[in-house]
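The sequence and structure are shown first, and the description follows.

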Amino acid sequence: MSLIDWNKLTITEPPVLPRELLRNFKKGIDGAFRDFSRTYGEALENFFNPLLMFLKWFQDLLVATPWPIILFIIGGLSWIGSRSWKMSVGAVLAFVAIGWMDMWEDTMATLAIVSVATLLCIAIGIPIGIWMSRSDRAQRIITPVLDVMQTIPSFVYLIPVVMLLGIGKVPGLLAVMIYASPPIIRLTNLGIRLVDAEVLEAADAFGSNYRQKLFQVQIPLALPNIFAGVNQTIMMSLSMVVIAAMIGVPGLGVPVLRAVSNQYLALGLMNGLAIVAIAIIFDRVSQAYGKRLQKHREGDHGV
Amino acid sequence: MVSKVKIKINDLYKIFGPKGESHVEKVKSGMGKPELLEKHSHVLGLQNINLDIIEGKIQVIMGLSGSGKSTLIRHINRLIEPTAGQIYIDDVDVLAMSDEELMNFRRFKASMVFQKFALLPHRTVLANTIYGLTMQGVEVKDAEERAAHWLKRVGLDGFEDRYPAQLSGGMQQRVGLARALATDADILLMDEAFSALDPLIRSDMQGILLELQEELHKTIVFITHDLDEALRIGDDIAILRDGRLVQQGSSQDIVLNPADDYVADFIKDINRARVLTVGTLPLKKTSAKGITLSNETSLEDAMKALVEAKKDSVTVVKDDKKLGSVSMHDIVHAATRSSETAGEAVTYR
Ligand SMILES: Nc1ncnc2c1ncn2[C@@H]1O[C@H](COP(=O)(O)OP(=O)(O)OP(=O)(O)O)[C@@H](O)[C@H]1O
Ligand SMILES: [Mg+2]
């Protein structure tokens, strides 16, 4: 059998696989993957079960917590992060408005998934970033993977994720993480690689071992960059809220989807604005915190 | 006092590049730095270095940029591995040390001060100063006490809670010095430690170092490309050129007998009257009716003393033993003579 469908080949049509062959090729892959997911789907689901439990528990906790306490926590965290009254009051007011517009429960669900996704991205991303910074080979291999993770349209990796795990919170979480983890990995790697060579040499000259150098010199000095990575990761997981909603993640994305299919302009706008408000609060607070982290580096030469 | 060799460097070669070892023989049989770079794309860092560094002394290493000073000093604590050769410290072979031994050597025996200070920007002055001590396993509280003592010694008490970025360069380097001294290591490696500082502050720092050295008697390896600094600080001076030691000796040696044009070039602008001492001049056996001075007196001081006493010859003594005499004329002559002729005319020692 020929690898090119000669009948179809013209000056305007490029060479193409014979239809039969192409169909078998696709079928083969689909079949193999379906078999794979039949065999391992359940095992995988069990593997991710603790994650699901945790996510559920956290979301229920947020929903069940009395709203004044949530407002208090929001205000408190904003204050801890930014040390600015304006910021904290603004954050509390934004959440009051969200509640007033009857979006409280969805907002809590979104907060839950974004927090869990961010925590997991940090927990996985920082060690990978450290590993990458240690080995040029690891960097050479991981960088293109990160490029793909960031550029491939989310819908494409949603297909295998859904085939394996079905519709629900865990596949949604995975989709969010695939999209949101590259910045933290990249910036951890970058931050550690940018640590001043002379300072590292000093650490060596005083007899630091691997761990001491990593934890007392490299990570602290890379922290501003790592923190920029955390900030981006949060922003990117928020931006995935609507797509995650398509595969069954509860939250502010669900009403947005409903608004799109039913042409409810007000509903869409309100939920969209709620996402934006949360994003702005997270961004400002975490950036202010990141700035404070490196304040002593600038110095005032006040000698 | 018998002088003991603290650091002994034998036949040291360093060739940067993936296959350094395979080119050692070529360098030994005369291949130079440019040729090695051109034909084999390896960089000749050091060649045939033999240097004995005496305990309790300050050994200065000088040379132009790229001559291999930093490379040499980093061999002493093995931040750089040699391509060939041996390094002994207190008769212990540094190259034979295991990783563990090397780490302990760096923690307890040799500490280092860096050109750009290399402080940790996220730590306060005090927390920077205890770094070496915590590596030694000293409890934080104890380490802080000891660090505070050294900060006081370098004139930084009251600055313990500042961050490095809040200090001037000179103060940052004092922190660097205190951090190095705090470990109580008997070897201090200083790679252009004062080069980044303004002249006045630099001179201050030299003063602090000399003052501390008077009581501490550490073995200090001090790198500089500034001859005035070398002459002020160094007990012994070694001069590097393209990775090779072209001359080593006391400052007097170097000023009186520069080994080649490279060295002569280095010393051409220095104030000879301040460096040379009357003991190094050719002395007449006849005794003179002038003033009596120690052989360690600089020409400058001798001239000043002669003018004040209104005499014109000096009887030079060493430990109360008469060595000979020298006239004002000869002193002025030696102080103003250009270095090219000095090498031939003066018979030294
Ligand atoms: N890691 C390295 N790889 C390749 N070549 C190197 C390396 N380190 C140093 N060299 C080369 O070795 C030579 C000596 O460098 P070194 O840094 O010791 O000079 P230096 O005397 O300290 O100069 P400076 O006064 O500029 O500090 C230079 O030609 C330099 O380019
Ligand atoms: Mg150097």
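## Domains of chain B

Taken over C-alpha atoms, the centres of domain 1 of chain B and domain 2 of chain B are 35 Å apart. The model is predicted. The domain assignment of chain B places 53-83 + 92-267 in domain 1 and 272-342 in domain 2.

The contact between these domains involves eight residues of domain 1 of chain B and seven residues of domain 2 of chain B. About 670 Å² is buried between domain 1 of chain B and domain 2 of chain B, with carbon and sulfur atoms giving 65% of that area. On the side of domain 1 of chain B, the residues that lose the most area to domain 2 of chain B are B:Gln252, B:Val255 and B:Leu256, which together account for 72% of what that side buries.

## Polar content and helices at the domain interface

Between domain 1 of chain B and domain 2 of chain B, zero salt bridges are found. Two residue pairs are in polar contact across this interface, both at pLDDT 80 or more. Two helices of chain B, α11 (251-256) and α12 (261-267), each supply at least two residues of the side of domain 1 of chain B that touches domain 2 of chain B. Of that side, α11(B) gives the most, with four residues.

## Interface of chain A and chain B

The contact between the chains brings together 24 residues of chain A and 33 residues of chain B. Chain A and chain B bury about 2400 Å² between them, and 60% of this lies on carbon and sulfur atoms. Of the area that chain A buries against chain B, A:Glu198, A:Phe206 and A:His296 supply 30%, more than any other three residues.

The count of salt bridges between chain A and chain B is one. A salt bridge joins the side chains of B:Arg74 and A:Glu201, at 2.5 Å from N to O. Eight residue pairs are in polar contact across the interface of chain A and chain B, with pLDDT of 80 or more for both residues. On the side of chain A that touches chain B, α8 (197-205), α9 (210-239) and α13 (295-298) of chain A each supply at least two residues. The largest share of that side comes from α8(A), with seven residues.

## Aromatic pairs

Over all chains, the structure holds 11 aromatic pairs. One of them is formed by A:Phe33 and A:Phe36, which are tilted, with 5.9 Å centre to centre and 35° between the planes. Because A:Phe33 and A:Phe36 are three residues apart in helix α1 (residues 19-64) of chain A, about one helical turn separates them. A:Phe33 counts as partly exposed because its relative accessibility is 25%. A:Phe36 has a relative accessible area of 36% and is therefore also partly exposed.

A:Phe47 and A:Phe48 make an edge-to-face pair, with 5.0 Å centre to centre and 75° between the planes. A:Phe47 is exposed, at 59% relative accessible area, whereas A:Phe48 is buried, at 17%.

B:Glu192 lies in the loop between β7 (187-191) and α9 (199-216) of chain B. With 8% relative accessibility, B:Glu192 counts as buried, since the cut-off for that class is under 20% relative accessible area. The side chain of B:Glu192 is in polar contact with the side chain of B:Ser195, at 3.0 Å. Leaving aside residues up to four places away in sequence, B:Glu192 touches B:Lys69, B:Gln115, B:Ile223 and B:His225.

## Surroundings of B:Gln247

B:Gln247 is placed in strand β10 (residues 244-249) of chain B. A relative accessible area of 12% makes B:Gln247 buried. A polar atom of the side chain of B:Gln247 lies 2.8 Å from the backbone nitrogen of B:Ala259.

With residues up to four places away in sequence not counted, B:Gln247 touches B:Ile237, B:Ala238, B:Ile239, B:Asp253, B:Ile254, B:Asn257, B:Pro258, B:Ala259 and B:Val263.

Technical notes: Residues numbered from 1 in each chain as written. Chains lettered and ligands numbered in written order. Predicted model: local features only at pLDDT ≥ 70, side-chain atom pairs only at ≥ 80, totals over all residues. Heavy atoms only, no water. Phe/Tyr/Trp six-rings, centres within 6.5 Å; stacked < 30°, edge-to-face > 60°. Buried < 20%, exposed > 50% of the residue type's maximum accessible area, 1.4 Å probe, protein only. Domains from an automatic or database assignment. Contact = heavy atoms within 4.5 Å. Buried area = accessible area lost by both parts, 1.4 Å probe. Salt bridge = Lys/Arg side-chain N within 4 Å of Asp/Glu carboxyl O. Polar contact = N/O pair within 3.5 Å; in protein donor to acceptor, adjacent residues only side chain to side chain.
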